[in-house]
Structures are given as C-alpha cells and as structure tokens.
Amino acid sequence: MQNILFIGLGNMGAPMAANLLKHGHQLTVSDLNPEAVAKLTGQGAQQAEDLKQAAAHADAVISMLPAGKHVKSIYMGEDGLFKHLKKETLVIDCSTIATAEALELATEAQKFGLRFLDAPVSGGISGAAAGTLSFIVGGSKQDFEAAKPLFELMGKNIFHAGENGAGQTAKICNNMLLAVLMTATSEAIALGVKNGLDPKILSDIMAASSGGNWVLDRYNPYPGVMENSPASNGYKNGFMSALMLKDLNIAESNAAAAGLATPMGAAATKLYRELAEKGKEDLDFSAVISLYDEKII
Ligand code: NAD
C-alpha cells in the first residue's frame with residue numbers, strides 16, 4: 001500500500017482516484033472545489049488540510065488538472081510542491097499539457113531529486129470510471145516500470161511513448177485526430193438529418209460501414225442516439241470543449257515547431273473557436289454538432 005497524494009478531482013480525476021481507493025491505496029486528496037473533495041472523502045480518502053505537509057508524507061503524487069498553467073503553479077515556483085516532496089518521490093502528471101511545459105516540469109523535478117512522468121490519458125470519463133483508460137507515458141523506462149502498477153489500477157492499455165515529453169506529444173497527436181473525427185462525424189450526421197434521415201439509423205449504418213470510427217462507436221454527438229453519452233445528457237460532464245480547444249492549440253504549436261502543415265487540425269480548431277465564441281466552451285466537445293444545427297443546443 002502506498003500513500004498517494006491526488007490533486008485535481010474533476011470529471012477525470014475523481015473516478016481515477018476512486019479506482020486507486022478501491023484497490024486499497026491510502027489516498028490524500030486536494031481540489032479547489034470542496035464538493036469534489038467531499039465526494040472522495042466519503043469513499044475513504046483523507047482531505048489534504050495542508051498540501052505541503054501532505055506532500056512531505058507522500059510516496060507518489062498524481063495530478064489531473066485542466067492545463068499547464070495549473071500544473072506548473074502546483075509544483076513549481078516559490079512555494080511549489082517540488083520543494084516539499086521527499087527525494088525520489090514519483091510525480092505523475094496525467095493532465096494534458098504542452099510538451100514544452102512537461103519538459104520544464106521534468107527538468108525542475110530532477111533538480112529536487114524527484115522522478116517525473118508525463119502520463120496523459122485517453123478514454124474519457126467512461127474509461128476513467130471503468131478503469132480502462134489508456135496511459136501514454138513519457139519518462140525513463142525505470143520510472144515508467146515503477147509507476148506501472150498504479151496505471152494498471154486505473155487503465156487497461158499502458159504505453160511507454162519515450163523520454164519525458166513524449167507522452168504529451170503522442171497524446172496531442174491523438175487528440176487532434178479525435179477532434180477531426182468528432183467534427184467530421186458531426187458534419188456527416190447533420191447532413192443526413194437535414195436530408196430527412198433518422199440520426200440513430202444513419203449512425204448504425206455508418207458505424208458498420210467504411211466511415212465507422214470511435215466517435216460513432218462510443219461517443220455519438222447527436223442527442224438520444226446513445227443513452228449514456230454527454231449528448232444525451234445536455235452535453236454536461238464530459239470533455240469540455242474549452243479543453244479540446246486547448247489541445248488543438250498545442251497541436252498547432254507542435255506543427256509550427258516541426259514546420260508541418262496540418263490543415264485538417266486547423267479546420268477543427270476553427271470550429272472549436274467558433275463554438276467558444278458562441279459561449280458553449282463549458283459544454284462537452286461533442287456539442288460541436290450544434291454549429292450545424294443550433295436547435296440541438
Ligand atoms: P475538469 O475541469 O473536470 O477537472 C479539473 C479539476 O482540477 C477541477 O475539479 C478543478 O477544481 C481542479 N483544479 C484546478 N486547479 C486546481 C488547483 N490549483 N488545485 C487543486 N485542484 C485544482 O477537467 P477534466 O475533464 O477532469 O480534465 C483534466 C485533464 O485531463 C485536462 O488536462 C484534460 O485535457 C484531460 N483529459 C480529459 C478527458 C475527459 O474526457 N474529460 C479525457 C482525457 C484527458
């Protein structure tokens with residue numbers, strides 16, 4: 001049993017932390033939202049009254065925060081947690097952040113004798129709840145092996161992408177592809193519905209045909225087609241469009257740095273910007289379908 005400090009109990013962090021608790025780990029938890037903390041303490045976790053003290057007692061720290069600026073503010077700077085952790089502690093950041101930010105964190109962690117892994121995930125909130133996430137990890141092979149038993153309690157597919165930063169680089173390629181799949185699938189369903197087709201019948205046809213993809217199989221954007229999808233729940237409690245736009249912006253930076261044109265990614269970015277301009281950035285990323293039919297939401 002390890003003493004784990006878990007920071008960030010949102011849509012993803014809460015079910016991930018719950019899975020660690022279920023498997024007998026001792027968890028100390030922290031989130032800015034007291035309700036999120038109460039949900040986990042109700043399941044047996046301890047609340048981190050004093051984050052620095054909790055850090056000093058931790059064998060490993062896991063963070064699941066919205067963006068790079070939140071992760072950096074927790075660990076780095078004048079009073080960041082890196083200063084308060086025991087040497088050799090494993091710091092595992094599961095948030096999706098820029099590769100450059102992950103490298104900055106890894107370099108800073110090394111100065112304090114800590115072990116750092118960038119370990120973003122894929123699989124959505126249903127994967128987090130079921131413990132079937134994919135972990136896409138960057139860091140040394142040795143640190144990866146040390147953290148693997150923890151990943152296996154929260155996920156099914158555990159990948160070592162390469163050295164520090166490689167986890168985030170791979171995750172961003174995946175999310176750019178996901179954004180393209182979501183926007184293109186939304187466009188195809190909207191086209192069929194506007195031409196008089198039933199969205200469920202059309203989705204079944206495409207899922208079993210050459211247009212089949214993860215969005216049609218697991219995350220249909222049209223309300224009522226899939227019972228447990230965010231689309232059938234007012235586009236709430238999923239993967240916020242604002243977070244998808246953050247990831248697409250990172251993809252654009254990575255493309256620019258590599259001198260590569262990514263026109264499909266750029267088209268998806270434009271649509272997610274438009275969605276944000278309409279004030280829908282807090283809705284699940286499948287709400288992008290509303291750009292084709294505003295009656296949807
Ligand atoms: P979320 O907004 O639901 O959760 C983030 C949590 O962090 C919130 O509860 C917030 O209160 C907390 N937080 C923010 N600043 C904090 C601080 N300083 N100290 C403590 N807690 C703080 O976001 P999410 O959907 O859980 O996503 C988290 C990360 O995982 C993001 O980087 C996202 O891109 C990535 N991700 C999300 C999904 C998904 O389907 N939702 C899937 C894969 C990856």
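Me: Buried means under 20% relative accessible area, exposed over 50%, and partly exposed in between (1.4 Å probe, protein chains only). With that in hand, is Met64 buried or exposed?

Reply: Met64 is buried, because its relative accessible area is 14%. Before we go on, this is a predicted model, so local features need pLDDT of at least 70 and side-chain atom pairs count only at pLDDT 80 or more, while totals for chains, interfaces and linings use all residues. Residues are numbered from 1 along each chain as its sequence is written, and side-chain values use heavy atoms, with hydrogens and water left out.

Me: Thanks! Where is the place of Met64, and which residues does Met64 touch?

Reply: Helices (H or I, at least four residues) and strands (E, at least two) are DSSP runs, numbered from the N terminus. Met64 sits in the loop between strand 4 (60–63) and helix 4 (68–75). Contact means heavy atoms within 4.5 Å. Not counting residues up to four places away in sequence, Met64 touches Phe6, Ile7, Gly8, Met12, Gly13, Met16, Cys94, Ser95 and Val121. As for Asn11, 53 residues from Met64 along the chain, the C-alpha atoms of the two are separated by 9.5 Å.

Me: Which residues have the most contacts inside the largest nonpolar core?

Reply: A nonpolar core is a set of buried Ala, Val, Leu, Ile, Met, Phe, Trp, Tyr and Cys residues joined through side-chain atoms within 4.5 Å. The largest one here has 35 residues, and Phe6, Met16 and Phe135 have the most contacts inside it. Helix 7 (141–154) is among the elements that each supply at least two residues; its share, six residues, is the largest. Strand 1 (3–7) and helix 1 (13–22) are also among those suppliers. Another core, of 23 residues, lies apart from this one, and includes Val61, Val71, Ile97 and Leu105.

Me: Now helices. How do I read the packing of two of them?

Reply: Two packed helices are described by the angle between their axes and the distance between the axes. Axes are lines fitted to C-alpha atoms, for helices over the stretch in contact, and angles run from 0 to 180 degrees between N-to-C directions. Helix 4 and helix 5 (residues 99–111) pack at about 10°, with axes 10 Å apart. That makes the two roughly parallel (under 35 degrees; over 145 is roughly antiparallel, 65 to 115 roughly perpendicular and the rest oblique). Gly68, Lys69, Val71, Lys72 and Tyr75 of helix 4 make the contact with Glu101, Glu104 and Leu105 of helix 5.

Me: What about helix 8 and helix 12: at what angle do their axes cross?

Reply: The axes of helix 8 (residues 166–194) and helix 12 cross at roughly 65° and come within 9 Å, which means that helix 8 is roughly perpendicular to helix 12. Met176, Ala179, Val180, Met182 and Thr183 in helix 8 meet Met264, Gly265, Ala268, Leu271 and Tyr272 in helix 12.

Me: Helix 12 holds Thr269 too. Is Thr269 buried or exposed?

Reply: Thr269, in helix 12 (residues 263–277), is buried, with a relative accessible area of 1%. Leaving aside neighbours within four places in sequence, Thr269 is in contact with Leu245, Leu248, Asn249 and Glu252.

Me: And how does helix 8 pack with helix 9: at what angle?

Reply: Helix 8 and helix 9 (residues 199–207) pack at about 130°, their axes 9 Å apart, and that makes helix 8 oblique to helix 9. Ala188, Ile189, Gly192 and Val193 of helix 8 make the contact with Pro199, Leu202, Ser203 and Met206 of helix 9.
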